[in-house]
Amino acid sequence: MQSIAFIGLGNMGGGMAANQVKAGRTVRAFDLSDRALAKASDAGCMACSSAAEAVKGADAVITMLPAGKHVLSVYEHDILPMAAAGTLLVDCSTIDVDSARKAASLAQAAGKGFRTADAPVSGGTAAADGGTLAFMVGCDPTDFADVETALDPMSRVTIHAGDSGAGQAAKICNNMLLGISMIGTCEAFALAERLGLSAERFFEISSQSSGQNWSMTSYCPVEGVGPASPADRNFEGGFATDMMLKDLRLAKEAAMTSGAVTPMGGHAEALYAMLSEQGLGHKDFSSIIELLSKGTVK
Ligand code: NAD
């Protein structure tokens, strides 16, 4: 796999495309933003004048775009008409499951033998820059080896989740659980504080008891407790509240269309929306502890 078209060179896509270049691949890049395109060019990508231009002659097309509507639009207007028959199309954006399946069916309907995968990522911009993202992939099992090869320079681990849409399903289920577990962890620390129990002692006890979970032991929301985390740097960097909110909204939408009952996911979404409305959407999602410990949330 020598030539990759990369569309969407933002906070995530910029670093991901640069890692494709470092792996010795020709990267034909496009972004609507001139700034993003110039940065990708500095990293060794070939700047193209449009998405349609970028996909010409590429072995694989990777997209890293904001939402389902952007992915569908680029597929319909640029990729499907212009990519060569049989090209591997991998969408790494986080989008709704229905749009992911629609992108795959549009590709199939194009009648050019395209192979498609939805491959959203876990890991933020540091993992994108470092080539250590985790990919969860929805694709035909016979295409998985080629998807893995395409993603390899950007990946720490790549897991086949199932057929088309399964990667997005895994992503939103995981992040819904993460949002809920973070709020639960923050609530427990806030209650411990009110009860006069030190955060250090509570961490020591709970991290070895049945309340133990990733939000506590790997990403503790309390400054100076547990391994280094965004709480130690005033919640700057990390995984933005607005990103978590986006994923919780996707989970809610998926629950509504599939008939799943997710009351805790709904509560988590409402709490993160409250934080975002206070102008704190750019802060790490563990900053929800500030809202909870101040007691301003009922
Ligand atoms: P971003 O907004 O920084 O980048 C998106 C880029 O897409 C922008 O540069 C924009 O100009 C470009 N774009 C939009 N429409 C386009 C079009 N039609 N053609 C070409 N380019 C177009 O967003 P990001 O942080 O890089 O996130 C990208 C995706 O990755 C999102 O779906 C997001 O949910 C997901 N994600 C982000 C993170 C994170 O920490 N930032 C982590 C995991 C997953």
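Buried means under 20% relative accessible area, exposed over 50%, and partly exposed in between, with a 1.4 Å probe and protein chains only. The model is a predicted one, so local features need pLDDT of at least 70 and side-chain atom pairs count only at pLDDT 80 or more, while totals for chains, interfaces and linings use all residues. Residues are numbered from 1 along each chain as its sequence is written, and side-chain values use heavy atoms, with hydrogens and water left out.

Asn234 sits in the loop between helix H10 (214–217) and helix H11 (241–258); helices here are DSSP runs (H or I, at least four residues), numbered from the N terminus. Its phi is near 55°, a positive value in a residue other than glycine. Asn234 counts as partly exposed because its relative accessibility is 47%. Phe235 belongs to the loop between H10 and H11 too, and here phi is near 60°, again positive in a non-glycine residue. With 6% relative accessibility, though, Phe235 counts as buried.

On the H11 side, the contact (heavy atoms within 4.5 Å) involves Thr241, Asp242, Met244, Leu245, Leu248, Arg249 and Lys252. H12 brings in Gly265, Ala268, Glu269, Tyr272, Ala273, Leu275, Ser276 and Leu280.

Definitions and conventions
Helices (H or I, at least four residues) and strands (E, at least two) are DSSP runs, numbered from the N terminus.
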